[in-house]
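Colleague: I have a model on my screen and want to learn to read it. Can we go through it feature by feature?

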Amino acid sequence: MMNWILLVMGLVVAVVVALMLGGMMAPKQRRVVRGIRLPVTPDEAWPVVRQVDGPPRWCASLPNMRVVQEQDAVQLVLDVLDDDNVVTGQWQLAVLPLAQTGLIPQGEEQTAVASLLVLAEQSSMGNPVMRMVRSVDRGAGRVDTFLEAVAQQFGVDERATDVSETIGRLVSASRRSAD
């Protein structure tokens, strides 16, 4: 009987040590860039997106947030707060115009027929066990939940996707056209 107790205790200690070591190797900083297509123009999408000051009825699972910066009806920067109102990360929301052929580069005159809602989350995690858990979860959790909840407000039942490459191409195109 004593051997079983020692074996179980040894397994528990091994799991805790593995979580600690794995978490210490996982990065403290994490950046997630996700997006979702909305069938409305940016002007129609912005009022719904802008409701993040206080958790909107349609997405009660949002963390506490505080608006840091707002740029017209295009971009919103928010601090993500924990229960003690300590900043744990930042969200950058942007509503980008889409034409039939795709993203409309900045400064180009085309009529938007839809929008791409992009959410970039930058977060920091000090606790190594939580970092390990976060690194195993390759999904974007609350980011996807928020984007999909916004889309449902417009009758869209779609999954959020990684848009970091798309945004990188758009930024590169904007820089080339500015030169």
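## Reading the fold

Modeller: Start with contacts, meaning heavy atoms within 4.5 Å. Among the contacts in the chain with a separation of 6 or more, 62% join residues 24 or more positions apart. Keep in mind that this is a predicted model: local features need pLDDT of at least 70, side-chain atom pairs count only at pLDDT 80 or more, and totals for chains, interfaces and linings use all residues. Residues are numbered from 1 along each chain as its sequence is written, and side-chain values use heavy atoms, with hydrogens and water left out.

Colleague: How many helices and strands are there in the chain?

Modeller: Helices (H or I, at least four residues) and strands (E, at least two) are DSSP runs, numbered from the N terminus. The chain has 5 helices and 7 strands. Their order from the N terminus is α-β-α-β-β-β-β-β-α-α-β-α.

Colleague: Which strand runs antiparallel to β2?

Modeller: Strands pair if DSSP finds at least two bridges between them. Strand β2 (residues 64–71) runs antiparallel to β3 (residues 75–81), with 7 bridges joining them. Q69, for instance, has V77 in β3 as its bridge partner. The hairpin has 3 residues between the strands, and D72 there takes a positive phi near 45°.

Colleague: What does V74 touch?

Modeller: V74 sits in the loop between β2 and β3. Setting aside neighbours within four places in sequence, V74 contacts W46, L93, A94 and V95. The C-alpha atoms of V74 and V95 are 5.4 Å apart, although 21 residues separate the two along the chain.

Colleague: Which residues touch the most other members of the largest nonpolar core?

Modeller: In soluble globular proteins, nonpolar side chains tend to be buried together. A nonpolar core is a set of buried Ala, Val, Leu, Ile, Met, Phe, Trp, Tyr and Cys residues joined through side-chain atoms within 4.5 Å. The largest one here has 26 residues, and L38, W91, L93, L117, F146 and L147 touch the most other members. Elements that each supply at least two residues include β1 (29–38), β4 (87–99) and β6 (114–124). Helix α4 gives the most, with 6 residues. Another core, of 9 residues, lies apart from it, with A94, A114, V118 and V163 among them.

Colleague: How many salt bridges are there?

Modeller: A salt bridge is a side-chain nitrogen of Lys or Arg within 4 Å of a carboxyl oxygen of Asp or Glu. The count comes to 4. One of these pairs R34 with D144, with the closest N and O atoms 2.8 Å apart. R34 lies in strand β1 and D144 in helix α4, so this pair ties together parts 110 residues apart in sequence. R34 is buried, at 17% relative accessible area. D144 is buried too, at 12%.

Colleague: And where do R159 and E148 lie?

Modeller: R159 lies in the loop between α4 and β7 (161–162), and E148 in helix α4. They form a salt bridge, with the closest N and O atoms 3.3 Å apart. R159 is exposed, at 60% relative accessible area, whereas E148 is buried at 13%.

Notes. Buried < 20%, exposed > 50% of the residue type's maximum accessible area, 1.4 Å probe, protein only.
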